[in-house]
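Colleague: Before I plan around this protein, could you take me through how its interior is put together?

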Amino acid sequence: MCQRHQHMLPNGERAGFFIGDGAGVGKGRQIAGILLDGMARNRRKHVWFSVSTDLYHDAKRDLRDIGCHANIIDGCVELDKETRVLGLAKTHQEGVLFCTYSTLVSRGKQNGGGKTRLRQLLDWCGPDFEGCLIFDESHKAKNYQEGSDTSSKVGVAVSELQRLLPKARVVYCSATGVSDIDTMVRGVHVIAEFCSRTWFYFVRSPTPTVYKPHPGY
């Protein structure tokens, strides 16, 4: 995976990686290992997305169990609490920011609600962000099609975040899309919609849809 993240795609974005191991394998521990490696390489900011705030404690446990003692920030609400008159507290300017997909499409209470959580995340990461964007349970960002009015809000936000952070080391994790061969073949279409940095792409055709590696990937 580290080798994959060294590869830059033709559009200038860093290549991504998809983890499709089944339930119970330990994807949380795998993610923790990826983040620990990043910290050891002096990349001090990472963002971990998942489906529920309750999973923050699981993420913290997985990181601590492998010896990663970086600051683990409990979502944008904690960033709000640690924002002072002169800006964000130094203790929260780096670490692992754990967020949910629902947070990504919401607005903060500060600044009269004018600042989206997406904007807040982008500001925290900074324009030259090269840390990890972990999309755990990444199938939650499905139903995205570029230019379509029917795309889900989460799908649009996930796509926009990747577009605005081209150097980020993106990791997609989901057992749902690849639970068996039949599901994987049907799921590639769904995954390809929002996992914009993975190795596959799809060609729409009347009979049937053709899946093959992208020539530039």
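Colleague: Which residues touch the most other members of the largest nonpolar core?

Modeller: This is a predicted model, and its largest nonpolar core holds 27 residues. Strand 2, helix 3, strand 6, helix 4, helix 5, strand 7, helix 6 and strand 8 each supply at least two residues of this core. The members that touch the most others are Phe49, Leu121, Leu133, Phe135, Leu161 and Leu165.

Colleague: Which helix gives the most to this core?

Modeller: Helix 5 covers residues 117–125 and is one of the elements that supply at least two residues of the core. With 5 residues, the element that gives the most is helix 5.

Colleague: Are the rings of Phe49 and Tyr101 stacked or edge-to-face?

Modeller: A search of the whole structure finds 5 aromatic pairs. In the pair of Phe49 and Tyr101, the ring centres are 6.0 Å apart and the planes meet at 20°. Because planes under 30 degrees apart count as stacked, the pair of Phe49 and Tyr101 is stacked.

Colleague: Is Ser50 buried or exposed?

Modeller: Ser50 is found in strand 2, and its contacts beyond four places in sequence include Phe98, Tyr101 and Asp136. Its relative accessible area is 1%, and since the cut-off is under 20%, Ser50 is buried.

Definitions and conventions
Residues numbered from 1 in each chain as written. Predicted model: local features only at pLDDT ≥ 70, side-chain atom pairs only at ≥ 80, totals over all residues. Heavy atoms only, no water. Helix = DSSP H or I, 4+ residues; strand = E, 2+ residues; numbered from the N terminus. Buried < 20%, exposed > 50% of the residue type's maximum accessible area, 1.4 Å probe, protein only. Contact = heavy atoms within 4.5 Å. Core = buried A, V, L, I, M, F, W, Y, C linked by side-chain atoms within 4.5 Å. Phe/Tyr/Trp six-rings, centres within 6.5 Å; stacked < 30°, edge-to-face > 60°.
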